[in-house]
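Open the model in your viewer and follow the stops below in order. Each stop says what to select and what is found there.

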Amino acid sequence: MRSGFPDFRLGSVLATSFTATLTERQGNAVERIPTPQRLVDWLAVNGLAVASCTPAQLDLARELRESIHAAATAAATQDALPASAVRVINDRSARGRASAVLTPEGRRRWQLSSDSSVEDALSVIAADAVSVIAGERDGRLALCASPTCRAAFFDTSQSRTRKWCDMNTCGNRQKKARFNANRRGKPSTAE
Ligand SMILES: [Zn+2]
């Protein structure tokens, strides 16, 4: 990872990994794809390598990201899906050409129509969002319990009781906060 930029949060679900390129949405938001090159980096890490990205394509990506976030949040809270978000997701899904192909090892790989097609990569992300929001996949959309985050995430745990979008960050912080609060509440045993 390039130094000087915040790391990516990698999840197993493409659409919500993508919305997690903006973290701490309800606090001091951290933009993890601040430049076109950072989007190129994120796509490469997520199996959607493209050769380049323009500022306009980065804008399209961010528009899709916020639309997925809005629609996934509505789905998680069982609200009506925002029409504008649905339109953006559908447009992006329809405007790319990507094929799912099998590798010799039997894994799925995305093949984009050309090296420079950010639109193709975005169509794969949009289609992933469609399948998650439509409830086609085994799991449940939920919102992170961290008050400064509230990210929509896809809970695939057996019990469907996951509380945080990411155990290593939001989950850990919450645990530490609880631990410190407990310590403060007890008389000191030091000295
Ligand atoms: Zn979170």
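Select arginine 150, which is partly exposed because 18 other C-beta atoms lie within 10 Å, and the class of partly exposed falls between the limits of 12 or fewer for exposed and 20 or more for buried. In this predicted model, arginine 150 sits in the loop between strand S5 (140-143) and strand S6 (152-155). Check its backbone: phi of arginine 150 is near 60°, a positive value in a residue that is not glycine. Most residues other than glycine have a negative phi.

Next, select glutamine 78, in the loop between helix H3 (55-76) and H4. Glutamine 78 also has a positive phi, about 55°, although it is not a glycine. Is glutamine 78 buried or exposed? With 7 other C-beta atoms within 10 Å, glutamine 78 is exposed.

Helix H4 covers residues 83-94 and helix H5 residues 118-133; the two pack with their axes 7 Å apart, at an angle of about 130°. That angle makes H4 oblique to H5. The crossing of H4 and H5 is left-handed.

Terms used:
Residues numbered from 1 in each chain as written. Predicted model: local features only at pLDDT ≥ 70, side-chain atom pairs only at ≥ 80, totals over all residues. Axes fitted to C-alpha atoms, helices over the stretch in contact; angles between N-to-C directions. Helix = DSSP H or I, 4+ residues; strand = E, 2+ residues; numbered from the N terminus. Parallel < 35°, antiparallel > 145°, perpendicular 65-115°, else oblique. Left-handed = near helix turned anticlockwise from the far one by under 90°.
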